[in-house]
Amino acid sequence: MFERFTEKARRVIFFARYEASQFGTAAIEPEHLLLGLMREDRTLTARFLVRAKDSAESIRKEVEWRAPPLREKISTSVELPLAEETKRVLQYAHEESSRLQHRHIGTEHLLLGLLREERSMAAGILYERGLRLNAVREEVATGNYYPPGTSQISLWAEAISAYGDRLSALAKVMHEQMNNMVTEKANVIGEDIVAKTPDTGTLRVEQPHSNKGLGDHPVLGVERLLAERRASIDGARVGLVCNPASVDHSLRHVADLFKKQSGYKLTTLFGPQHGIRGDVQDNMIESPHAFDQATGLPIYSLYSETREPTESMLKDVDVLVFDMQDVGCRIYTFVYTMANCMRAAKKYGKKMVVCDRPNPIGGVQVAGTVLEAGFESFVGQFPIATRHGMTVGELALMFNEQGSIGCDLEVIKMDGWNRRDWFDETDIPWVMPSPNMPTLDAATVFPGTVHLEGTQMSEGRGTTRPFEIVGAPYLDPDKFSQMLNDYELPGVRFRPVYFLPTFQKHAGQVCGGVQLHVLERDVFEPVIAGVAIVKTAFDLYGEHFKWKEEPYEYVFDKNPFDVIAGTDALRRAVERGDSLADIEQSWRGRLAEFSQLRDRYLLYREA
């Protein structure tokens, strides 16, 4: 239904869902869509609100006044349907887009759709403020609805992130340049330097390191399933959860492998965040359901109106097979897609098979905060460490027991992988598991620099080195890098850089910052490095530094940094000015408890 909708237009609908839940209504009404529009596209709404000498807040209060008395709030996990009036608004938006010969359906078309649903509360509010359908339509047609003082750069950023009708050529060029640069960097291999981990808050079992060389040949779980464990799926109708990184040693995609073999029937495909094709860049951008051209099978998005397979999605499935590449960090949604599939398997009487893959940053070190109760989200459902040191198969066993899921679970182990192996110490080809995870280098620093997603600093999205390059327009790179290097964190140096993000935070603005160069990855602890970056920016640039505004992964009532950290203790420590050593010490106790629990579920030895 939402294939032509821009990212911003989709977000409006997601915000509308949240507004409906806060009003305790049984369906998403046009007035919730209006409130969602004001949340998401302030540029568009400000133009007309300013002209009407009104404010967004006054409109919110009027919706509250006109609406029936507030009922008890509904959990945001409950799926709310679209009211009939809202469905018509979306249909009108589609018609307005076609009428204006636009290729997309954007927030401007949603506004026109709201005006066309004349008997709705939303239309009444807009009409009372002087908005008229024909006048608004004329401005949308000319593109003349930006408020005075809007800069050319902000117009570019808006066009790239939302609707690019007038600047689509620019967006296309920038996108192609980005892809080319990423491709050039995609085969960078990290350093292979082995050293003993000092006492830095990283817990590991110290055993003699093997002297094996590069290119070990672990057999992937999915390769074992199709070659020697066929009894697990023989005679079954199979649903497959996968994405572009779901390949074998020969870079053959598992959907093609499953489709070609006999003895069972592949009936359904499921895709995670970023889409089954990995083409959706940003967080909180949901993917539509579709059909796979290669196999002719339905694709159900598990990052859409639902995060968990529904009964109707599983009607032609007996066994649900999960084959996804994780990155070794709690703050990554794929393992929670796996957990949600396990819940659905339990609920609807299906079998769950998890095909194991390596932890790309090794399965020895664990580090960082352990998620606290009350901070659960789609980037953290269970009390595990930021860097957990486990494979997806091991996590599945832990989630099934500790999370009380209790599904019929079978984990297909790898053969020949040991815990000390980094990804480039195997012969498994690296395929980007998500659009901003282009290299193993990015995965190495990700457990630390992902925390910048909870700030207004750039975590490097829109560059060829996401998560390795970080910064903000107000940073002095030389001063900032010197402060970070003064910490003398093991295994890493911070190099001063300037960079220009092509999209997302600070798009089109020159940023100062640092690039993390991991020189000794076996002693490098990414989480404390990421905390050091946040703390140093807060201490040096308190007047400019800001935490990200809600929501983050659809959590509307918590600071996004807290959602990422899995606790508010880390943010409060930064704000208090606690030392880096004290911050690191603060998570040691729970980290030790997690490490002890984790040992019960490990499937592979440390050679």
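D424 is buried, with a relative accessible area of 16%. In this predicted model, its side chain meets that of R521 in a salt bridge. R521 is buried too, at a relative accessible area of 4%. D424 sits in the loop between β9 and α15, and R521 in the loop between β12 (511-518) and α17 (526-540), so the pair links parts of the chain that are 97 residues apart.

The whole structure holds 37 salt bridges.

| Pair | Closest N and O atoms |
|---|---|
| R419 and E394 | 2.6 Å |
| R88 and E117 | 2.8 Å |

R419, in the loop between β9 (408-412) and α15 (440-449), and E394, in helix α14 (residues 392-402), are 25 residues apart. R419 and E394 are buried. Elsewhere, E62, R66, E128 and R129 are linked in a network of salt bridges.

R88 is partly exposed, with a relative accessible area of 36%, whereas E117 is buried, at 6%.

Helix α5 (residues 84-99) has 16 residues and spans 22 Å from first to last C-alpha, close to the 22 Å expected. Its buried residues are T86, V89, L90, Y92, A93, E96 and S97. Seen down the axis of α5, they fall within an arc of 160°, so they line one face of the helix. Among the elements covering them are α1 (7-23), α2 (30-40), α6 (107-116) and α8 (133-142). Just after α5, Q101 takes a positive phi of about 60°.

Terms used: Residues are numbered from 1 along each chain as its sequence is written. This is a predicted model: local features need pLDDT of at least 70, side-chain atom pairs count only at pLDDT 80 or more; totals for chains, interfaces and linings use all residues. Side-chain values use heavy atoms; hydrogens and water are left out. Helices (H or I, at least four residues) and strands (E, at least two) are DSSP runs, numbered from the N terminus. The expected span of a helix is 1.5 Å times one less than its number of residues. Buried means under 20% relative accessible area, exposed over 50%, partly exposed in between (1.4 Å probe, protein chains only). The arc is that of the directions from the helix axis to the C-beta atoms. Contact means heavy atoms within 4.5 Å. A salt bridge is a side-chain nitrogen of Lys or Arg within 4 Å of a carboxyl oxygen of Asp or Glu.
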